[in-house]
Number of protein chains: 2
Amino acid sequence: MKISVVKNILEANQRIAEENRRRFFENRVMVINLMSSPGAGKTSLLERTIQSLKNEIRVGVIEGDIQSTYDAERIGQTGVPVVQINTGGACHLDSNMVEEALRNLDIERLDLLFIENVGNLVCPAEFNLGEDFKTMILSVTEGDDKPLKYPLMFHESSVLLINKIDLLPFCDCNPDLIEERALKVNPRLKIFRVSCRTGEGLDRWVNWLRNQVKKRE
Amino acid sequence: MKISVVKNILEANQRIAEENRRRFFENRVMVINLMSSPGAGKTSLLERTIQSLKNEIRVGVIEGDIQSTYDAERIGQTGVPVVQINTGGACHLDSNMVEEALRNLDIERLDLLFIENVGNLVCPAEFNLGEDFKTMILSVTEGDDKPLKYPLMFHESSVLLINKIDLLPFCDCNPDLIEERALKVNPRLKIFRVSCRTGEGLDRWVNWLRNQVKKRE
């Protein structure tokens, strides 16, 4: 009984995700679903990435939070269009919430749309939103055992950003071990090591993103 | 329809949580439900706390993870009894999982039982397990905005441990702001600032725990 309820929810989600995907494709907008634990650096990554790209690429953001508009206000300061979703308790975004948020975004005027998911290393991985790339952030302060303990998100993601590498000297975390364990779960994972605080390594990520958007034009 | 399903799940959980609570009470074992984001330091806190208390108090641990027995193996090295729950995908423990784990624990021989929840700042807060105290950890690397964005867990917890204070000089995080915002959500929250890496501040937490266990004897 419980399983069939869950199955129905995921099937309904997938149907709307496919509609979202078709709309994104028709409007030639590339979509990144950005996921991580709380506080791993999703919003900081977006701030840095948008500053680097906004003069050449038209960027928009959908911000997902349980409540508050704190992150949308931070992103709004970069000058790009942003829409806040408040899930009202739910621990992940679903495709229906994104579909509603799209009513407040001119996607025909965007090249790149970031969807910042609720901070949660578990459930967001189960819900497709219609994105091109699931992208996850793991901060080194979370420890190098995370691919062993939360494998689904590593499995579903196309890109892994290992963030806060400026803190490596002060943590008991081996980033080589993160990579090795993550690649065991998902051998096709594209990995970048970055610090959103110092900016280290972000150029490689930004170049990769720029190339993905250009391919589509 | 969706709401009634969720309501039924929470009601069924509450019934079994009350049975667990009765068993804990009859066996005079104090129970802590330990919750946090992934990598905030739950297992490290348990290792430190158990080392400090195990010669005077009989401690046991239930480890909750989606998969793997990594944390149970770490805790097992302290010499105390430990049982691993693998949720097989679920993002939180429920009272039924705890009830099953109790079959493999001699609770009449324990004074203090820690239940380490799945790393998730959202859903674990909704599911009572029969514990005496919900205790949460927030690491300073997660940022001082977390009480604003994930208020339920701060609201439901009796104790907040602010961990990784050794990293404060290298983070853009104001711990006074964490306390102020957390107390606004929950004015009765008992707060400790600790570093499970250096040991700083752990004596206050351990003394508090010891006093709670002694009160019950």
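D203(B) counts as exposed because it has 12 C-beta neighbours inside 10 Å. D203(B) sits in helix 8 of chain B, residues 202-216.

## What you're looking at

This is a predicted model, so local features need pLDDT of at least 70 and side-chain atom pairs count only at pLDDT 80 or more, while totals for chains, interfaces and linings use all residues. Residues are numbered from 1 along each chain as its sequence is written, and chains are lettered from A and ligands numbered from 1 in the order in which they are written.

Chain B has an open sheet of seven strands in the order 3-2-4-1-5-6-7, with parallel pairing. Strand 3 (82-86) and strand 7 (190-193) are at the edges with a single partner strand each, so one side of each has no neighbour in the sheet. From one strand to the next, the twist averages 20°. Two strands count as paired if DSSP finds at least two bridges between them.

Helix 2 (residues 42-53) of chain B packs on this sheet, touching strand 1, strand 2 (59-65), strand 4, strand 5 (133-139) and strand 6 (159-163), and its direction makes about 170° with that of strand 4. Such angles run from 0 to 180 degrees between N-to-C directions, with axes fitted as lines to C-alpha atoms, for helices over the stretch in contact. Contact means that the C-beta atoms of two residues, placed from the backbone, lie within 7 Å.

How well covered is strand 2 of chain B? Mostly covered: seven of its seven residues are buried. V59(B), V61(B), E63(B) and D65(B) are on one side, with G60(B), I62(B) and G64(B) on the other.

Strand 2 of chain B pairs in the parallel sense with strand 4 over five bridges, and E63(B) stands opposite E116(B) there. Five bridges also join strand 2 to strand 3 of chain B, again running parallel, with V61(B) partnered by V82(B). Between strand 2 and strand 3 the chain passes through helix 3 (residues 70-76) of chain B in a right-handed β-α-β crossover. Right-handed means that, with the strands pointing away from the viewer, the path from the first strand over the helix to the second runs clockwise.

Strand 4 (residues 112-116) of chain B is also joined by five bridges to strand 1 (residues 30-36), and these two run parallel. In that pairing, N33(B) has I115(B) as its bridge partner.

## Chain A and the interface

Over in chain A there are eight helices and seven strands. Buried residues make up 48% of its 217 residues, and the C-alpha trace spans about 50 × 45 × 35 Å along its principal axes.

Where the chains meet, 28 residues of chain B are in contact with 28 residues of chain A. Helix 5 (residues 146-149) of chain B gives the largest share of the chain B side, three residues.

Definitions and conventions. Helix = DSSP H or I, 4+ residues; strand = E, 2+ residues; numbered from the N terminus. Buried ≥ 20, exposed ≤ 12 C-beta atoms within 10 Å, placed from the backbone.
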